[in-house]
Amino acid sequence: MLRMVLEQTNTSLFQDCVDALLLDLSSDKKKKDFHDYFKQEWLPNKEHWAFCYRLGLGINTNMFVEAFHRVFKRNYLGGKVNKRVDVCLLNLLKFARDQCFGRMIQLTKGKASYRVKAIQERHRRGLALPLEKVVHANENAWKVESSDGKNIYEVQRLRDKCSETKCHLSCIECGICIHCFVCTCPDSLILHTICKHIHIVQRALSFAKDNSIDCEAVIL
């Protein structure tokens, strides 16, 4: 139930889940301490952890910040406590320079970034979903049943083509980028990536186009 509260993307439904959770915790004496702790420490700060208040942030962890701090402190500050602002700024410039060169080397070698790899992984997951899970809602919206059949997510097409000249956050196989579609699943709203539901919708649209079939005839 805690996971359901965390991943709820609708504010009104989130409050209903919280009320149900508190009722469940208060009904058991063994859970009373956690009930009081959750109500006192976590609920007042719900905007910082609940998915429904963090839509579109594109990040759900601070591991990148921690990794940066570890590398910067050990490799650039020598593991010592920094006391001078000019020394800190100089090392930050060195860090930024090295990161730029590292990124240029990766692009030259053709290596995919972390976010591109995530998009490719979602594409493979989307291939495992049958087209029957997609239901046409209106001109630019589709409903997709989750793989376990417990949820229905809505995929919306924002634009036919990306407004950016060369968008790197795209799926080569599908020919879409992260700015073309949005889905109501946590993967799209929180992680800000092209989820498997978007991939299957695009696959259904491509199938209809390649076979000269009406989209609504394929996506019932």
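The model is predicted: local features need pLDDT of at least 70, side-chain atom pairs count only at pLDDT 80 or more, and totals for chains, interfaces and linings use all residues. Residues are numbered from 1 along each chain as its sequence is written, and side-chain values use heavy atoms, with hydrogens and water left out.

Start with helices α4 (residues 63–76) and α5 (residues 85–109). Helices here are DSSP runs of H or I, at least four residues, numbered from the N terminus. The two pack at an angle of about 115 degrees, with their axes 11 Å apart. Axes are lines fitted to C-alpha atoms over the stretch in contact, and angles run from 0 to 180 degrees between N-to-C directions. That makes α4 roughly perpendicular to α5 (65 to 115 degrees). On the α4 side, Phe68, Val71, Phe72 and Tyr76 make the contact; α5 supplies Cys88, Asn91, Leu92, Lys94, Phe95 and Asp98. Contact means heavy atoms within 4.5 Å.

Move on to helix α8 (residues 196–210). Its 15 residues should span 21 Å at 1.5 Å a residue, where the expected span is 1.5 Å times one less than the number of residues. The end C-alpha atoms are 21 Å apart, which agrees. Buried residues of α8 include Lys196, His197, Ile198 and His199; buried means under 20% relative accessible area (1.4 Å probe, protein chains only).

Now find arginine 122 in helix α6 (residues 114–127). Arginine 122 is buried, with a relative accessible area of 12%. Leaving aside neighbours within four places in sequence, arginine 122 is in contact with Asp187, Leu191, Thr193, Ile194, Cys195, Lys196 and His199. Lys196 and His199 are among the buried residues of α8.

Methods: Parallel < 35°, antiparallel > 145°, perpendicular 65-115°, else oblique. Buried < 20%, exposed > 50% of the residue type's maximum accessible area, 1.4 Å probe, protein only.
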